[in-house]
Number of protein chains: 2
Amino acid sequence: CLKKDVGQMKLQDPNFRPGLVVLQVSVECITEVNENSSFHGLIVQLPLDSIHKIDTEKVTNAVAPEKDVDGLTSINAGKLSRGDLGDCFIPCTPNGCMELIRQTGKPTAINTPTHPLRKKTNSCAVRWELIDGLCTSHVYRCVGGGEESVLSAKRFLDSHKSGNWNISYTKLNLQKPVPSDIAISRSCVPKPIDRLAREVGLLSDEVELYGKTKAKVQLNIIKRLQAQPDGKYVVVTGITPTPLGEGKSTTTIGLVQALGAHMKLNVFACVRQPSQGPTFGIKGGAAGGGYSQVIPMEEFNLHLTGDIHAITAANNLVAAAIDARMFHEATQSDKALYNRLVPLSGGQRTFSPIQINRLKKLGIEKTDPSTLTEEEITRFARLDIEPSSVTWQRVLDTNDRFLRKITIGQSPTEKGHTREAQFDITVASEIMAVLALTSSLEDMRQRLAKMVVATSRSGEPITTEDLGVSGALTVLMRDAIKPNLMQTLEGNPVFVHAGPFANIAHGNSSILADKIALKLVGPEGFVVTEAGFGADIGMEKFFNIKCRYSGLRPHVVVLVATVRALKMHGGGPTVTAGMPLPKEYIEENLELLEKGCSNMRKQIENAQHFGVPVVVAVNGFKTDTEAELDLVCSMAKAAGAFDAVRCSHWAEGGAGAVALGQAVQRASEAPSNFKFLYDLELPIADKIRIIGQKIYGADDIELLPEAQRKVELYTKQGFGNLPICMAKTHLSLSHEADKKGVPTGFVLPIRDIRASVGSGFLFPLVGTMPTIPGLPTRPCFYDIDLDPETEQVNGLF
Amino acid sequence: CLKKDVGQMKLQDPNFRPGLVVLQVSVECITEVNENSSFHGLIVQLPLDSIHKIDTEKVTNAVAPEKDVDGLTSINAGKLSRGDLGDCFIPCTPNGCMELIRQTGKPTAINTPTHPLRKKTNSCAVRWELIDGLCTSHVYRCVGGGEESVLSAKRFLDSHKSGNWNISYTKLNLQKPVPSDIAISRSCVPKPIDRLAREVGLLSDEVELYGKTKAKVQLNIIKRLQAQPDGKYVVVTGITPTPLGEGKSTTTIGLVQALGAHMKLNVFACVRQPSQGPTFGIKGGAAGGGYSQVIPMEEFNLHLTGDIHAITAANNLVAAAIDARMFHEATQSDKALYNRLVPLSGGQRTFSPIQINRLKKLGIEKTDPSTLTEEEITRFARLDIEPSSVTWQRVLDTNDRFLRKITIGQSPTEKGHTREAQFDITVASEIMAVLALTSSLEDMRQRLAKMVVATSRSGEPITTEDLGVSGALTVLMRDAIKPNLMQTLEGNPVFVHAGPFANIAHGNSSILADKIALKLVGPEGFVVTEAGFGADIGMEKFFNIKCRYSGLRPHVVVLVATVRALKMHGGGPTVTAGMPLPKEYIEENLELLEKGCSNMRKQIENAQHFGVPVVVAVNGFKTDTEAELDLVCSMAKAAGAFDAVRCSHWAEGGAGAVALGQAVQRASEAPSNFKFLYDLELPIADKIRIIGQKIYGADDIELLPEAQRKVELYTKQGFGNLPICMAKTHLSLSHEADKKGVPTGFVLPIRDIRASVGSGFLFPLVGTMPTIPGLPTRPCFYDIDLDPETEQVNGLF
């Protein structure tokens, strides 16, 4: 009964008979639909004539709860009568039907109607699928109103194709001098987030609200929009920055405000969620700045929807499981261990599915616990972790320097099994990198299971799956995987999702957010995503790691440059956070600037390695002169940039980045010939050498002994074909932070190599990377407070 | 212009003139309303005639964004014309107006209308306040439709008085044998949480959705309902339990399902949020059980809305601040410290408000940093914490036994300033107790500032305010303070809010949730709240700590008893989690049972100390016989219980607790004469002795030397008049877990006393309390997994 679709719909189906007989047929259909997972829901229309004749409860009970899209079960236990129409009954006009779809976001039911038009309708069951944003209807035994409903649904869904936005923008009320970030953020009233979601074509059922200004977007939208064409994909990166940062986030938001509110194009920003630790330390907020921000900035900077907290919980469950397992193995015989791991329950022992996975890995093809040999029991029950090989660390989203190196297990209850360990900041957790690189719930489940936490005494990698904890990790991360929707000051949509460290991880926001945004903006729209640090790090990882896993191909690179940073590269004095800028940076100095443009030239060349057009955005400061700004633009064009434009979005919002937006639009139509920098099948050292030479400008690389050992270990363990994620300072193209401009004649030393097998990369360590910041003498928190009357947050910046 | 209210409304106000003149008057009114914080919003009605004549932009721009309740600013920048009506325009019929109020939950605006009726309306500005659930209207220059709107608003608000619920219940489909908790939870489709919120009288503006099944309720509802009478207040407690627990949570939910879905009374359950750590260890879920649960149980047990995560973040920020401060003080001169704490900015040094608080505490009445003497600088800049006195510990919501005792600060960057420390489970944080005991945002700000983290070398208590971190803590906790709304299996509302440890803290859910629920249910309704552990602990703390701070007075105590636990008290064999029950517990044994009823008798007596009627709920198990259940009931009544009834809500849902519900309703009408057990002004030792003797049945107490020292310290520091929160085993009335029944002839040893100054109690330690659990050899997580296809959580129980 499921074979008919709209094209084949037969209104005068020969099997159709009115009344009870038809209903019996319908119940069969319902049962079939219940069991077919490709059907999302059911509509049941009952003929008005039949209400007093037929057993309507039989129909309503036949619908499985998860297929019951309009809450049939709540209709007074299915008893229908003319005078007893619950609030889920609506007149079955096409419009009424459409209204319900609009409200629930999914095809929904029209039950026994009171509307006079419905009298001519007989029994029918209609199901719409929202696949591809188009209505595919299956209609059974349908006459009259059923047909109208189907056609109306088709019209409704056509009007909800992705890319058909009906968005209103928020007008900025620009002040001079530019107020503090929190003052600007607070002065703008954000649109209710459910309204923004509707404006960009999200169905309400795909959106989970988190208060009034944040929402999560469900992953099932990917299926609905899978056949839609993608929009244009723009990545924002920068030249090698000063320690103050050169405004990449601000430029990302400013560009999006320009493309959307001023150029009336569909556009999404995709940005990283910041770590909460530095917010209370020295850094302050990370939601952009001035008149180019994600709002409300305090929501953006604190908790958000709890994704980082979920990672903390998941990460530390793994850590607790490792130490508890080593402890239990150290204090129990093989037999006792096995009896506890596979306990008697109701007189029987059974393996859990996750234990069967471990047996398979060990090559033991058994499922009955009583049949294992003693040797198999030992191999199954003992992970036999070498304590010094544990690479998994605990994490906290707090700047707590005293946890950089600790000794754990000193309570008498742990019987002397102490161990040196450390805490990292949560965003450095491999689980954060997994979240950023995953493409689906199923893929995340697999990545979380593959994470290697240690090596056994016999040299085998020990995974979270071996610990039995991978399923629980997936459960802890099941909300975090959904991208978070927020908005810019001018009312554009923003996805805030994932924020992996940019040194020991790849420093880019999530693949899932980019993918969903690319579908939503439609083929003429834009998605602007940001890559952490300078182009030598964030952009290189964006291309070689993120794009490799996502399969997405970028259209434009926006390279952010500032006069300040270029002067530094030209030999200007050291720039230090918290100290006044030397006069070289405040007064015009074309000579210094011209010299420093070498760094910009090299970063443009780095982008060109990947075959993508580069637009240079010169992020203007108050102290920059016309001549300086012009010089940077002309140097950029001479270096091969597609275009180079000045922008002032910090002071003027999107209006200050319209020229940039236009350049980006033109560049997106230019020919592009994307290619990766290296082939995955190359040996590990070769891949590192290619990055070192082509991107950093090194003469060669040098693998120190520990790194050499790891190359051999990981090659042997089968991880040799993973992409490379360099952990290098972002303050120089070389490995030495104080070498500015374009350093040459150096050999890049590789101290060690680590593996993030779940996220899917190897990270060579060039020098020592701090993985948890500390608090200064006077942390930011001295200024942060809540007004109990207005509930406003003060002191965030 | 704000003086007129409904009673004084003059439709033919002599100042009224049509057209432009009136509008000028209105703009003045708007400005006045903008600045008056008691006004929540503004309605602006413009006469149709005036559209083409007047500068409507002037009006719309005059409304401050926070007072603009209907989004005037979004109306195409305020330009109105007949053909240009945005979607926030609705016909100004009374119904249209009411519809918008219904949608937005606050008084809202009717702008220039197209409806023909509106032609007779002239200019007016109307403002409703929702205080006390009644409409208080201020009307300016109002004629025609304005009057209709006001009267309609009055009718609408009258119908939304608290206690007027229009709630639908969910029908259970009972299965035998009773399926697993997660299977039952999943088989029920929860009502959309926004619908439940509406059903119980919450306005949509008071509710912040967190997905489809959870919501936070804003605290401004307390102000709206402040004049409403409270409902009846019921606390659920238990006899001294076996290690398996006797079903207090399940009884709480079952009783609420009975009172609501079956007895059609307004009723709210208020329960604690469980710690996530044990969910993956040995405990499983904590959302009730069988057919008496909070759903969805996986949402209840994991993350919820992030409150516990917020506490982890806040708690650990304090810990990081303590160690960082000690480090910076140890490595810097007074002058360097001061220069960093009060840095030069724009050539000036200024104290932050939080620093001025510290100066006040030190008795230094100065606000200009340049005027402090050297001695004052030293006193201000040096907290001079004695490292061994630090009582503040780090926390994680993970069962991580290896963090019970650790050494921190071993990285070379901390220059040898190592220290022994520990992690507790997050629910043991003082911040959790603060959350549970606070009564407002302002109160929470003060409690968070008062928390004592250590003692200075000169014996002064050092607070979070001294550290400068109290404002940041309040910011981190600003969402957590809002109670979380969920529902029972049968569709009753549940507040899930706060879950402090029941030993080192007071083990009760939040005061705020109880207070809001008591207003919402109305005077005939019920709020059922649960107190942790047995009546000697949870109930005693409920009365002496929670009710003392809340000012609420309970009407009924429900004491949960089981045949199993009573047999244990009568001398039955030891009951151990995970082991089969000995036959005494499976077969009828009236002798053992009768003997064990002594414990129930003592716990009834304990409740009677407070003057509140006791209803005993005998939570029936499959193996209990009729004779056994009857015996418990008759023994309970003989011991002075108001009533004693058998219940079977685990197997039957609310239907199995109707008799209990009826008994509770009768008891709530019985005379009650609430009194505290002790006076706060008594010396610390006397208060402890009263609890020990009257509640536990001890002959006396013994203060060991450390406890004696603390009595003196806290008395000297001014904390002597705080209530007492005993940290004692819950498995016996005495301090020895294996002493069952009613132990006598013992002296209660007090090993130590600690102070939770922010939450507001002293906690004497009777024995050693574990503050972070560990993982067993085979933790629960082995069974937990997510189905990537259906997104269902499997294996939680």
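**Notes on a two-chain model**

1. Glu736(B) has a relative accessibility of 31% and so counts as partly exposed. Please keep in mind, here and below, that this is a predicted model. The side chain of Glu736(B) forms a salt bridge with that of Lys739(B), at 2.6 Å from N to O. Lys739(B) is partly exposed as well, with a relative accessible area of 38%.

2. A second pair in chain B is worth a look: Arg689(B) and Asp686(B) meet in a salt bridge of 3.2 Å, N to O. These two residues are 3 apart in helix H25 (residues 684-696) of chain B, so about one helical turn separates them. Arg689(B) is partly exposed at 28% relative accessible area, and Asp686(B) is also partly exposed, at 29%.

3. Now to the fold of chain A. It has 26 helices and 29 strands, and 63% of its 797 residues count as buried. Taking the contacts in chain A with a separation of 6 or more, 74% are between residues 24 or more positions apart.

4. How are the two chains related?

5. Next, the interface in numbers. Chain A contributes 87 residues to the contact and chain B contributes 88. Between them the chains bury about 7800 Å², with 62% of this on carbon and sulfur atoms. Three residues, Phe402(A), Thr777(A) and Tyr782(A), supply 11% of the area that chain A buries against chain B, more than any other three.

6. Polar and charged links also cross the interface. There are 10 salt bridges between chain A and chain B, and 43 residue pairs are in polar contact. Helix H10 (residues 307-331) of chain A gives the largest share of the side that touches chain B, namely 12 residues. Sorted by class, that side of chain A holds 38 nonpolar, 23 polar and 26 charged residues.

7. Arg445(A) forms a salt bridge with Asp785(B), their closest N and O atoms being 2.9 Å apart. The other joins the side chains of Arg404(A) and Glu414(B), at 3.3 Å from N to O. Here Arg404(A) sits in the loop between strands S12 (394-396) and S13 (406-408) of chain A, while Glu414(B) sits in the loop between strands S13 (406-408) and S14 (419-421) of chain B.

8. Across all chains, the whole structure has 85 salt bridges. Some link up into a network, which in chain A joins Glu706(A), Arg709(A), Lys710(A), Asp752(A) and Arg754(A).

9. Finally, a buried lysine. Lys214(B) lies in strand S5 (residues 214-217) of chain B and is buried, with a relative accessible area of 4%. Its side chain makes a polar contact of 2.8 Å with the side chain of Glu299(B). Beyond its neighbours within four places in sequence, Lys214(B) touches several residues, including Ile193(B), Leu209(B), Leu304(B) and Met486(B).

Definitions and conventions: Residues are numbered from 1 along each chain as its sequence is written. Chains are lettered from A and ligands numbered from 1 in the order in which they are written. This is a predicted model: local features need pLDDT of at least 70, side-chain atom pairs count only at pLDDT 80 or more; totals for chains, interfaces and linings use all residues. Side-chain values use heavy atoms; hydrogens and water are left out. Contact means heavy atoms within 4.5 Å. Buried area is the accessible area (1.4 Å probe) that two parts lose on being put together, summed over both. A salt bridge is a side-chain nitrogen of Lys or Arg within 4 Å of a carboxyl oxygen of Asp or Glu. A polar contact is a pair of N or O atoms within 3.5 Å; within protein, one must be able to donate a hydrogen and the other to accept it, and residues adjacent in sequence count only if both atoms are side-chain atoms. Helices (H or I, at least four residues) and strands (E, at least two) are DSSP runs, numbered from the N terminus. Ala, Val, Leu, Ile, Met, Phe, Trp, Tyr, Cys and Pro count as nonpolar, Asp, Glu, Lys and Arg as charged, and the others, Gly among them, as polar. Buried means under 20% relative accessible area, exposed over 50%, partly exposed in between (1.4 Å probe, protein chains only).
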